[in-house]
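Please examine the sequence and the structure shown here before reading on.

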Amino acid sequence: MSDSPSDTATATTARAHPRFAQALADLGLTVDVRQFPEATRTAAEAAAAIGCDLAQIVKSLIFAADGEPVLVLMDGASRVDLERVRAELGAKEVGRADAATVRETTGYAIGGVPPFGHRTPTRVLADRGILEHGTVWAAAGTPHTVFPLDPPSLIAYAQGSVVDVRERTS
């Protein structure tokens, strides 16, 4: 493969989900989408395939806050604290969205949801812990594809607000 920008963009587009590839093109963003024969559906699977720390994986999780979808970006080694999300949003109730809601909102299946390029714009909360790494990896629209990006750029492209919503450890 050549190193020319057009060749890189073509390779990126070929590996990414078409919706995500279009989002990258619309943003003028070229990333190195990597495809793996084994699934990278979970953070642990992705970290093992890439050879990075679990915390360098960004999970894109859809929750329902008072019935409205919200995207939470969380590092792969941490869990979301629903009470902290509820407080951050000023919501009465927050819970995990079901698979149908995730697909309807984002256009992607669980395990392949990228941090941006969704069917429906949603509010995005990015946990501050993501910023602790020089490079993070996120899904590129399928359970077999991921891409690296620096955390500030990833959060900016996702139009996320930096918040503290991870579960506290004792």
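Residues 24 or more positions apart account for 59% of the contacts in the protein with a separation of 6 or more, where contact means heavy atoms within 4.5 Å. The model is a predicted one, in which local features need pLDDT of at least 70 and side-chain atom pairs count only at pLDDT 80 or more, while totals for chains, interfaces and linings use all residues. Residues are numbered from 1 along each chain as its sequence is written, and side-chain values use heavy atoms, with hydrogens and water left out.

**Overall form**

The protein has 6 helices and 8 strands; these are DSSP runs numbered from the N terminus, with helices (H or I) of at least four residues and strands (E) of at least two. From the N terminus on, their order is α-α-β-α-β-β-α-β-α-β-β-β-α-β. The protein is as compact as a globular protein of 170 residues, because its radius of gyration is 15 Å, close to the 15 Å given by the globule rule. That radius is taken over C-alpha atoms, and the rule is 2.2 Å times the number of residues to the power 0.38. Of the 170 residues, 47% count as buried, meaning under 20% relative accessible area with a 1.4 Å probe and protein chains only.

**The two pockets**

A pocket is an open set of points on a 1 Å grid over the protein atoms alone, where a 1.4 Å probe fits, with protein on both sides within 12 Å along at least five of seven lines; lining residues have an atom within 4 Å of a point. A volume is the space filled by probe spheres set on the points, which are joined across faces, edges and corners.

| Largest | About 400 Å³ | R41, K59, S60, L61, G111 |

The lining of the largest pocket divides into 15 nonpolar, 7 polar and 3 charged residues. Here Ala, Val, Leu, Ile, Met, Phe, Trp, Tyr, Cys and Pro count as nonpolar, Asp, Glu, Lys and Arg as charged, and the others, Gly among them, as polar. Strand β2 gives the most to this lining, with 6 residues. For the second largest pocket, helix α2 (residues 18–27) gives the most, with 5 residues.

**Histidine 133**

H133 is found in the loop between β5 (123–127) and β6 (136–139). Not counting residues up to four places away in sequence, H133 touches A55, Q56 and P151. A polar atom of the H133 side chain lies 3.3 Å from the backbone oxygen of A55.

How values were computed
A polar contact is a pair of N or O atoms within 3.5 Å; within protein, one must be able to donate a hydrogen and the other to accept it, and residues adjacent in sequence count only if both atoms are side-chain atoms. Buried means under 20% relative accessible area, exposed over 50%, partly exposed in between (1.4 Å probe, protein chains only).
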